[in-house]
Amino acid sequence: MNYRALIIGAGISGMQAALDIANSGYEVLLVEKEPAIGGHMAQLSETFPTLDCSQCILTPRMVEVGQHPNIHLLTLSEVVDVQGEMGAFRVRILRHPRYVIEEKCTACGDCVATCPVVVPNEFDRGLAARRAIYIPSPQAVPAVYCLDPEACLGLFPLACGKCADACQIQAIDYDMRPETIEVEVGAIVVATGYELYQDEAVMAYAYMSHPDVMDGLEFERLLSASGPTGGQVIRPSDRTVPREVVFIQCGGSRNPEHGLPYCSKICCMYTAKHAILYKHRVPEGQVYVFYIDIRAGGKGYEEFVARAIEEDDTVYIRGRVSRVFPKDGKLMVWGVDTLTNSKVEITADLVVVAAAIVPSPDSRRIAELLGIDVDEFGFYTAADAEMTPVESGKPGVFLAGVGLGPQDIPETVAQASGAAAKVLSAFAAAKAEERARRALELEPEIQNEAVVQ
Amino acid sequence: MSRIGVFICHCGINIAGTVDVERVAEEIGQHPQVAYATTYSYMCSDPGQQLVRESIAEYDLDGVVVAACSPAMHEATFRRAVAAAGLNPYRCEIANIREQCSWVHEHEPGRATQKAVETTRTCVEKVAWDEALEPFHLSVIKRALVIGGGIAGMQAALDVANAGFPVVLVEREGRLGGKMAALSGTYLNFSAAPGLLERKVEQVLDHPHIEVLAGAQVTEVEGYVGNFAVRVSALADPLEVGAIVVATGWDPYPLSRLPEYGGSELADVVDGLTFEGMLQEGRAGLGRPSDGRTPREVVFIQCAGSRDPERGVPYCSKVCCMVVAKQAIMFKEYVPEGQAYVFYIDIRSAGKGYDEYVQRAMEDHDILYLRGKVSKVFRGRDQVIVWGVDTLSGQPVEVAADLVVLATPMLPSRQAVTLGQTLRAAVDQSGFFSEAHPKLRPVESLTAGVFLAGVAQGPKDIPETVSQASGAAAKVLQMFSQEVLIQEPTVACVIEQFCSACGACVEACPYGARAIHPLWHIATVNAALCQSCGACVTACPNKACQIHNWTPKQILTMADVLVGV
């Protein structure tokens, strides 16, 4: 048995599983395809139902992961091949070049000032810009810059070189190349997380291409104190404060004909949170929420939605939106209120669509590499959804987080610890077996000695 | 007089871009207790740490202040660094001049510099009075106690035992299986619940590392993380365990609290758990309680007591929407000629495959979902009349039902509140055990060494319970992987000359860490239980209670710096 675990994905679930295993004294290889860890939780403004600031609770965890002596963090990395079986998986990991030497970079930011390239910042969901050399967020772990080779003016041959000139400690290395490493691990936890649904054909009705129509994660960045507006809610088109905001739930979810049949589970709660946070920032504003069912199943969740309705005067309208379109600098929202059976027309300044949760685009590829199953949408399937919810069915491969299906942070964290428990049990059982075997091996020697005597 | 070294970090331009770090060094260098003050571009880098270590020897420093980023980032780093140079790590403090200074005062460099000086000076004053402390080492008894033998408790027990550690599983009933044993089927795996459960029960009973104490209850808990002594009703001697998993589950809501639905008054109004029992027998079991006749018209009322802050419970019981869909489908399978009606407020089928499942109930099984509350349930001729409203059509609805099934709330186990007191683990106003943090520490209680699994923490369904129970097991395994537990020494202490043994601290302590010594007649602190909250410090009329390295002297001196005294 190789007593080392591989964790694919360093969002909150991968981090939790890594910490639980590493704190138990085992080595962990944590592989993340992005330049920094934290996943989508790092992008969130506050979290429901306590309105804790997401960064404030997450950053110490990220630092803990980054500094843990038993966790080897491989960012900008992808698992490309897996062979072998539980106890001895042979894994090939492709490490994309960062073009910045991690051990040297001190995150001083001198390089950024000289970079002439401006591209949309993914971390801010395109609401702000970044340079070709950048750090995803000020709290990023590892706190190291990286160079986006797509955006850079040209690495081969080198067309600019300004960032390297500016870097006094010479941490920038344009000659870095992709590198494939091979490792052996005993167990694997798959925690590849989610993306938001972006099917143009389906989302077109909501006019998602309009700057003042955004998805939930964009709105998180708009609310975030560390976001592009410093937490001020202003609409992207003309930088005015929106007075009427419409939230559309089930954007692509629960729509078997034109989207996805499943429920994305977390949107009801984050929309209620968005409504409350918006009202805290714009007390004179008005919020409308279009919903089918309000799904507030969780500790303190029901009470939280009640607070959005009662204290923050959010108007909940039970019904679907049929059309969103721009008119006279505003957005017309046409819908129906199924409780009064009347048409509803709202002239909104900003529209936020709770876009469906879809598995990471990598999930099918990872599943194939590992020989585990995914459902028709690409979510991993557990061996038995009820009795063994974190086991993939393949011995030694365990599952955690939204890769299994939509779920919220506490569920994800508990489940990731659950996956860690399976790894810990497997390692501990193997150790016990090894001890027993060693004892057995020693026995004949003892017998031989007896014979000699 | 102390000899304190102050190390001011530029953090590239993060601090130095706003704060004039050289001026901070110059001003703080004039402090009588400061023997050396310097700046460096990245104090956390290897050369930066080297600078700190070498300066300790060179300037014979007995305390260190690092003015840099938040202590959450690098307090551990610098404490390790000073320890490597032979200084007690508790004589190193971090002044946060980045997050709480340069980053938030970007446009006011002058005042930011002044604030950085003052922030650093408060830490100098603190270090001057910091004691050299040693962390506590606690031994760990590598045996776990699981309270509750339902699916959550069994799963947690199995995960811990499979790793080779002994587990004692205490169950108040005479058998294992909990509420799941009463189910006819789970919603993903119809009619398989008893089979699924039996296998788990067998695994638990056959496990060489699990000792099951059925028909027993936990009566008393003493000790602290790693070292609990637990009295169980079935045992003469206390049980010594290192960790406790609370998996006490839930109890049904009394029907008598639902008179508007004919609860406990009308024989043919039953709760979901009773209906599960009927379904277990198939069509034969579905005879209605009043006359044994097979019901044709069955009305399911969701949120019968849940989401009702005035009369019932304010929370959502989370599982009922799916349970009702399953029950209605099973009823239709056993009684194809029957009709099922479901009154609901919102259909909460959030979970993998759940929404599709409810869709099937409506489309493939013709179950009639009515969005609205039921206003009244009363006795008709041979039937039960249900009056409600369909909020979608705005029409009143009347159904003459043969049987009414109430989806009543999940209440926390009857024993939860008492057990919470016994364990000194907090329960919320509804009686569910409180987790240490609602987002990031969902399976830990606020009491070290006590973990939570299943519905004891809040309503949840079987897959979530099973995952979470394994999560609780992970925390136990993590603890058992340590030979000793290291406890921070910055806990409460007593100045014995001032203590009058009045007991105010004992009353104030939420963790049971304080007691009055029976012989010496002074207050004592159990350092393993103390969480350094400071409640005793404020409660003590004689100022005999203090927190190590957070003494009133230190805090007041720090405050003096800030108000400019």
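Predicted model: local features only at pLDDT ≥ 70, side-chain atom pairs only at ≥ 80, totals over all residues.
Residues are numbered from 1 along each chain as its sequence is written, and chains are lettered from A and ligands numbered from 1 in the order in which they are written.

The secondary structure of chain A comes to 10 helices and 24 strands, these elements being DSSP runs numbered from the N terminus (H or I of at least four residues for helices, E of at least two for strands). The radius of gyration of chain A is 25 Å, close to the 22 Å that the globule rule gives for 453 residues, so chain A is as compact as a globular protein of that length; the radius is taken over C-alpha atoms, and the rule is 2.2 Å times the number of residues to the power 0.38. Along the principal axes, the C-alpha atoms of chain A fill a box of roughly 100 × 60 × 35 Å. Of its 453 residues, 52% are buried, a residue being buried if 20 or more other C-beta atoms, placed from the backbone, lie within 10 Å of its own, exposed if 12 or fewer do, and partly exposed in between. Among the contacts in chain A with a separation of 6 or more, 68% join residues 24 or more positions apart, where contact requires that the C-beta atoms of two residues, placed from the backbone, lie within 7 Å.

Chain B contains 16 helices and 30 strands. Its radius of gyration is 31 Å, well over the 24 Å that the globule rule gives for 565 residues, so chain B is more spread out than a compact globule. The C-alpha atoms of chain B fill a box of roughly 95 × 60 × 45 Å along the principal axes, and 52% of the 565 residues count as buried.

The domain assignment, which is automatic or taken from a database, divides chain A into domain 1 (4-96 + 178-193 + 360-432) and domain 2 (198-356). The C-alpha centres of these two domains of chain A lie 31 Å apart, and 12 residues of domain 1 are in contact with 20 residues of domain 2. The side of domain 1 of chain A that touches domain 2 comprises five nonpolar, five polar and two charged residues, with Ala, Val, Leu, Ile, Met, Phe, Trp, Tyr, Cys and Pro counted as nonpolar, Asp, Glu, Lys and Arg as charged, and the others, Gly among them, as polar. For chain B the assignment gives domain 1 (4-133), domain 2 (144-252 + 411-484), domain 3 (255-408) and domain 4 (488-548); the C-alpha centres of domain 2 and domain 4 of chain B are 32 Å apart.

Between the chains, 56 residues of chain A are in contact with 53 residues of chain B. Helix 2, helix 8 (301-310) and helix 10 (409-452) of chain A are the elements that give two or more residues to the side of chain A that touches chain B, and the largest share, 16 residues, comes from helix 10 of chain A. By class, this side of chain A has 27 nonpolar, 16 polar and 13 charged residues.

Helix 2 of chain A (residues 54-67) has 14 residues and reaches 20 Å from its first C-alpha to its last, close to the 20 Å expected at 1.5 Å a residue, the expected span being 1.5 Å times one less than the number of residues. Its buried residues are A:S54, A:Q55, A:I57, A:L58, A:T59, A:M62, A:V63 and A:V65, and what covers them includes helix 1 (12-22) and strand 2 (27-31) of chain A together with helix 4 (71-84) of chain B. In helix 13 of chain B (residues 462-480), 19 of the 19 residues are buried, so this helix is largely enclosed by the rest of the structure.

Strand 19 (residues 321-327) and strand 20 (residues 330-337) of chain A pair in the antiparallel sense over six bridges, pairing being assigned where DSSP finds at least two bridges between two strands. A:P326 stands opposite A:L331 in strand 20 of chain A, and the hairpin formed by strands 19 and 20 of chain A has two residues between the strands, with A:D328 in the turn at a positive phi of about 50°. Strand 20 of chain A also pairs in the antiparallel sense with strand 21 (residues 342-348) of chain A, over seven bridges; the hairpin of strands 20 and 21 of chain A has four residues between the strands, and A:N341 in its turn has a positive phi of about 55°.
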